[in-house]
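This report concerns strand pairing, a charged contact and the surface of one structure. The sequence and the structure are shown first.

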Amino acid sequence: MATNTTNYRLTKPDESDFYNITDFNGNADIIDELIHDLSEGKSDKSHSASVTLLAASWSSGQYTLTNAGITATNVVELYPAVGITAEQLAAMQGANIIGGTQAAGSITLVAMGDVPTINIPVTLVLRGDL
């Protein structure tokens, strides 16, 4: 006699049961729906954007970065972009950039070190899963 799994109620045929295509298809539908729900939730949670921090846009050690995906509460991560030069990376590291105030559509970055004097390509990751 068939039993069911604890969490998702998938049908588990007994060794003595004949193969039942209806049970198999029912299990497949449940798994398909769960995977779909997981992938939909994940894809909406985080995304990235390529941005260039322009040297001329720094003011008093601060840089206002705008992006429609920024909310007042999501986590914003800044990484060196693929293809960044050694000079740009050194400027980014020397700036020791941290996040400052954040609102819907923007974040103010703060250079705790030297304000960059060259443009720096970065990857902005907007997290919604934390």
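Tyrosine 79 stands opposite threonine 123 in β8. In this predicted model, local features need pLDDT of at least 70 and side-chain atom pairs pLDDT 80 or more, while totals for chains, interfaces and linings use all residues. Residues are numbered from 1 along each chain as its sequence is written, and side-chain values use heavy atoms, without hydrogens and water.

Strand β8 (residues 120-127) runs antiparallel to β5, and six bridges join the two. Strands are DSSP runs of E with at least two residues, helices runs of H or I with at least four, numbered from the N terminus; two strands pair if DSSP finds at least two bridges between them. The open sheet has three strands in the order β3-β8-β5, with antiparallel pairing. Its edge strands each have a single partner strand, so one side of each is left without a neighbour in the sheet.

| Edge strand | Residues |
|---|---|
| β3 | residues 47-53 |
| β5 | residues 75-80 |

The structure holds one salt bridge, defined as a side-chain nitrogen of Lys or Arg within 4 Å of a carboxyl oxygen of Asp or Glu. The side chains of glutamate 77 and arginine 127 form this contact at 3.1 Å, N to O. Glutamate 77 lies in strand β5 and arginine 127 in strand β8, 50 residues apart. Both glutamate 77 and arginine 127 are buried (under 20% relative accessible area; exposed is over 50%, partly exposed in between, with a 1.4 Å probe and protein chains only).

Tyrosine 19, in the loop between β2 (11-12) and α1 (21-43), counts as exposed because its relative accessibility is 61%.
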